[in-house]
Amino acid sequence: MSTLDLQTLGLRAINSQLNTSDVASGSSWEITEPQGQHAIACGLQSDIKVDIRGHVGFYCAGMNQKADVTVHGHAGVGLAENMMSGQVRVTGNASQAAGATAHGGLLVIEGDASSRCGISMKGIDIVVGGSVGHMSAFMAQSGNLVVCGDAGEALGDSIYEARLFVRGTVENLGADCIEKPMTDEHIKTVDDLLKKAGIDADAKDFKRYGSARQLYNFDIDNAGAY
Amino acid sequence: MCGIVGLYLKNEALRPKLGELFAPMLSEMRSRGPDSAGVAIYRNSVADSETKYSLAHDSSDYDWKAVDTGIETTFKCEARIAQIDTHAILITTLAENKLRGWLAEQHPEVRLVGSGQSLEIFKEVGLPDDVYRRFSLKDAEGSHMIGHTRMATESAVTTAGSHPFATGSDLCLVHNGSLSNHNRLREQLQKEGLHFQTENDTEVAAAYMTWKLRQGLSLHDALEGAIDDLDGFYTFCVGTGDGFAVLRDPIACKHAVMAETDDWVAMATEFRSIATLPDSNNANIWEPKPATVYTWGGQGEVKH
């Protein structure tokens with residue numbers, strides 16, 4: 001494992017190092033002294049493992065492809081924003097808009113996520129060990145949001161075809177978001193995601209929420225697009 | 001933009017280092033607010049019979065001695081004054097309404113920017129580091145501080161428009177955001193007898209708090225009222241005699257993060273301000289919930 005000290009090297013040098021085309025596939029990196037700086041480990045494109053030892057600022061691991069990034073601490077606004085693939089994990093809490101607009105990959109938040117978690121998500125899987133704040137999964141298009149705790153106000157407002165699973169209470173549902181039955185297929189989906197996230201919970205305890213399909217122009221022939 | 005920060009020391013052994021610990025917190029927020037900066041510090045509490053007033057003037061060579069002797073001669077009461085750059089700290093037994101009236105007549109260009117037993121307010125135009133240096137705050141001892149770095153959106157870049165704004169005895173307020181109903185609310189508060197020194201939206205929030213507290217409401221209840229009566233985007237950090245309070249609007253658009261260790265509790269617009277504090281890596285860190293009043297009391301306990 002190679003260690004990169006952010007206070008010594010600076011943000012730009014570290015992100016450049018991790019983004020070079022010849023960065024060894026499968027290599028492990030450790031970033032120390034992150035000091036809450038923004039945009040750490042952004043835009044990674046290789047299957048490398050990155051451990052960030054400490055708390056990070058805004059937009060950490062944004063646009064991630066293939067890389068496996070773990071924040072050992074708290075993450076600020078926009079964690080794993082627009083992630084395409086790979087995995088991002090935070091051991092503490094995450095601020096607003098975690099996983100926003102992300103197309104793929106797995107985001108694991110071991111603590112709580114603040115408001116707008118998974119806003120406009122487009123295919124990412126998000127597993128939250130704690131609770132999510134208000135307006136989570138707003139205009140969520142595709143992917144799965146699994147919440148082991150509670151959800152705040154207006155969950156899934158103006159939702160498209162993303163699937164939301166909440167174990168605890170939902171303060172209220174947003175426009176066009178309704179509770180839907182948990183079938184065996186959904187229990188398996190949740191169980192697989194919990195196992196991948198390493199979170200010990202029973203998939204049968206979750207309720208499913210999704211779109212009533214009254215607010216947008218849903219056509220069954222296009223269901224495959226989601 | 002704008003940045004706000006607050007630090008309350010639970011461990012009394014850290015109090016001699018308050019100014020030193022707070023300096024990098026404020027400095028980290030310079031990119032969010034390079035126009036002007038302001039700080040409220042709680043230190044050197046005066047006797048119950050006395051009040052400490054923070055006064056400000058545009059010039060750093062104002063004749064503050066004339067204010068001191070003027071009060072003693074006119075009101076036959078004790079007064080002592082200490083100048084710190086463009087500001088002066090006045091300690092006297094004179095009541096605030098009398099002082100305010102006398103200043104308006106005798107020294108109309110002097111602004112009364114804060115009052116209380118331990119509160120001192122310093123604010124100026126310029127980069128946060130420069131403002132901090134001008135008021136010699138790095139060596140300051142005390143129990144807690146709140147600060148603001150401003151990128152002006154709603155009113156001019158002036159010292160008067162800088163935060164914190166005083167809201168009553170030992171209370172002051174810094175604000176990240178903008179209020180949309182401040183003009184109408186200002187008119188209502190003026191009818192209730194409140195006075196305004198600027199066109200600033202945050203001053204309206206401060207006056208609103210003063211009005212509520214005058215009615216006998218607790219700080220917690222006054223802030224609960226603010227959720228209903230103030231419209232717009234805001235994260236407020238309110239300094240009190242023995243701690244501070246945090247309130248975000250119901251949509252919580254404006255950033256805020258809180259952190260706590262055994263030694264201190266802190267809030268900031270961005271975590272990088274808190275990262276400069278000792279042992280911040282092991283702090284409990286979370287984002288305050290919308291429309292929820294958090295008060296950090298004298299015992300350092302979080303109530304919400």
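Guide: Start with B:Gly3, whose bridge partner in β8(B) is B:Thr149. This is a predicted model. In general, strands of a sheet pair through backbone hydrogen bonds, and the pairing can be parallel or antiparallel.

Now step back to the whole sheet. It is open and has seven strands, in the order β7-β2-β8-β1-β14-β13-β15 (chain B), with antiparallel pairing. In that order, β1 stands between β8 and β14. The sheet's edges are formed by β7 (119–125) and β15 (284–286) of chain B, each of which pairs on one side only. From one strand to the next, the twist averages 10°.

Helix α1 of chain B, residues 18–28, packs on it and touches β1, β2 (36–42), β8 and β14 (264–268) of chain B. The direction of α1 makes about 155° with that of β1(B).

The contact between the chains takes 14 residues from chain B and 16 residues from chain A. On the side of chain B that touches chain A, β15 and α8 (271–274) of chain B each supply at least two residues. The largest share, three residues, comes from α8(B). By type, the residues on this side of chain B are eight nonpolar, two polar and four charged.

How values were computed. Residues are numbered from 1 along each chain as its sequence is written. Chains are lettered from A and ligands numbered from 1 in the order in which they are written. This is a predicted model: local features need pLDDT of at least 70, side-chain atom pairs count only at pLDDT 80 or more; totals for chains, interfaces and linings use all residues. Two strands pair if DSSP finds at least two bridges between them. Helices (H or I, at least four residues) and strands (E, at least two) are DSSP runs, numbered from the N terminus. Axes are lines fitted to C-alpha atoms, for helices over the stretch in contact, and angles run from 0 to 180 degrees between N-to-C directions. Two residues are in contact if their C-beta atoms, placed from the backbone, lie within 7 Å. Ala, Val, Leu, Ile, Met, Phe, Trp, Tyr, Cys and Pro count as nonpolar, Asp, Glu, Lys and Arg as charged, and the others, Gly among them, as polar.
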